[in-house]
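Opening the notebook on a new model today.

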Amino acid sequence: MVGYDPEAKCVSTVEAAAAGSASGFVTRVLISPLDVIKIRFQLQIERLSFKTPGAKYHGILQAARRIFQEEGMLAFWKGHVPAQLLSVGYGAVQFMAFESLTKLVHNVTSYNARNSFVHFICGGLSACTATVAVQPVDTLRTRFAAQGEPKIYQNLHHAVVTMYQTEGPRAFYRGLTPTIIAVFPYAGFQFSFYNILQQFSERMIPDEGKEGGNVKNLVCGSCAGIISKTLTYPFDLIKKRLQVGGFEHARAAFGQVRIYRGLLDCIRQIMREEGPGGFFKGLSPSLLKAAVSTGLIFFTYELFCSLLCALKSADSSKRKGG
């Protein structure tokens with residue numbers, strides 16, 4: 001169902017956008033706590049260990065307890081409004097672009113739309129398109145999730161006005177370069193590995209065991225998310241570090257802060273001060289989040305597409321019957 005299927009021809013690009021938005025909305029509600037913890041880990045300069053003096057966060061459970069004790073339950077959904085705008089908008093643009101690109105490839109080239117390489121290229125391009133469209137919202141989401149108490153930004157409107165007045169419009173696109181560099185292979189791997197795993201499962205699972213298609217979609221999506229996140233994680237960390245540039249005063253309560261002059265300077269400082277392991281801070285919650293979120297995205301997207309197809313079939317039957 002993911003991508004253009006010349007045999008099915010069931011979901012239009014507009015319906016793909018609607019299904020993508022719905023899947024993004026559902027997934028965001030469920031994975032927001034993991035996202036907040038992951039961002040806190042990524043932005044911490046100190047090593048993630050209880051043996052490190054001054055380290056605020058040591059592990060997933062310890063970080064969850066501390067955030068809950070210091071900031072309350074709602075802290076796990078900090079920045080949820082811009083995060084939802086991000087997820088809904090990103091899901092709509094990404095899946096609409098992916099369906100359109102795979103259809104274009106199938107119609108104007110000799111490649112099959114179900115080919116894994118085609119899914120890698122189209123998945124990467126669709127993600128880049130969606131990223132450029134929602135990058136300002138992603139920056140806002142990161143800053144809301146990163147700020148402690150007292151809050152620097154009181155609400156979404158206050159954050160937009162403050163950032164624009166104090167840092168200019170370019171502040172909304174901080175970290176765009178590493179984001180684009182990372183998102184192409186990340187999304188490409190997501191779509192291609194999901195396609196590979198789906199084809200593998202179809203060959204390995206006998207026909208009588210194929211009733212649990214929804215569970216299969218969830219498992220294939222989760223595995224694709226883990227593989228793609230591991231391969232591209234350092235760029236995600238660098239993006240988060242750059243996005244909070246100019247926001248250092250709000251990070252004082254969390255430990256040390258650093259000022260980065262750009263992508264290469266950020267890489268040099270992390271390597272010099274934190275070592276190679278610094279590029280993988282927050283990997284554990286990130287992999288957990290990737291498994292859950294990617295599995296849910298593909299699962300809910302396929303589910304909503306199936307519902308749309310069922311509704312169209314029912315409506316078509318009624319018209320014929322009438």
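My entries follow, one topic at a time.

**Ground rules.** I'm working with a predicted model, so local features need pLDDT of at least 70 and side-chain atom pairs count only at pLDDT 80 or more, while totals for chains, interfaces and linings use all residues. I number residues from 1 along each chain as its sequence is written, and side-chain values use heavy atoms, with hydrogens and water left out.

**Helix α1.** I took helices as DSSP runs (H or I, at least four residues), numbered from the N terminus. Helix α1 covers residues 13-43, and I get 38 Å between its end C-alpha atoms. A straight helix of 31 residues would span 45 Å at 1.5 Å a residue; the expected span is 1.5 Å times one less than the number of residues.

Where does the kink in α1 lie? I find it at isoleucine 31, at about 60°, shortly before proline 33. The bend here is the angle between axes fitted to the seven residues ending at a residue and the seven starting there.

Next I checked burial, with buried meaning under 20% relative accessible area, exposed over 50% and partly exposed in between (1.4 Å probe, protein chains only). In α1, 23 of the 31 residues are buried, so I call the helix mostly covered. Leucine 30 sits in α1 but counts as exposed, because its relative accessibility is 53%. I also noted that leucine 30 is 83 residues from alanine 113 in sequence and 32 Å from it in space, C-alpha to C-alpha.

**Cysteines.** How many disulfides does a search of the whole structure find? I get zero, with a disulfide being a pair of cysteine sulfur atoms within 2.5 Å. For cysteine 220, the closest cysteine sulfur is in cysteine 223, 6.8 Å away, so that is too far for a bond. For cysteine 266, the closest one is in cysteine 128 at 20 Å, again too far. Cysteine 220 is buried at 7% relative accessible area, and cysteine 266 is buried at 0%.

**Cavities.** Rolling a probe the size of a water molecule over the atoms shows where empty space is left. On a 1 Å grid over the protein atoms alone, a cavity is a set of points where a 1.4 Å probe fits but cannot get out, and lining residues have an atom within 4 Å of a point. Grid points are joined across faces, edges and corners, and a volume is the space filled by probe spheres set on the points. I count two cavities of 30 Å³ or more.

The largest cavity comes to about 740 Å³. Of its 39 lining residues, Arg28, Tyr90, Val183, Tyr186 and Lys289 are closest to the centre. Helix α6 (176-204) gives the largest share of that lining, eight residues. By class I get 16 nonpolar, 14 polar and nine charged, where Ala, Val, Leu, Ile, Met, Phe, Trp, Tyr, Cys and Pro count as nonpolar, Asp, Glu, Lys and Arg as charged, and the others, Gly among them, as polar.

The second largest cavity is about 50 Å³. Its lining includes Arg28, Asp35, Lys78 and Arg141, and α1 supplies the largest share, five residues. The classes there are four nonpolar, one polar and four charged.

**Isoleucine 297.** This residue lies in helix α9 and is partly exposed at 27% relative accessible area. Isoleucine 297 and isoleucine 196 are 101 residues apart in sequence and 17 Å apart in space, C-alpha to C-alpha.

Methods
Helices (H or I, at least four residues) and strands (E, at least two) are DSSP runs, numbered from the N terminus. On a 1 Å grid over the protein atoms alone, a cavity is a set of points where a 1.4 Å probe fits but cannot get out, and a pocket is an open set with protein on both sides within 12 Å along at least five of seven lines; lining residues have an atom within 4 Å of a point.
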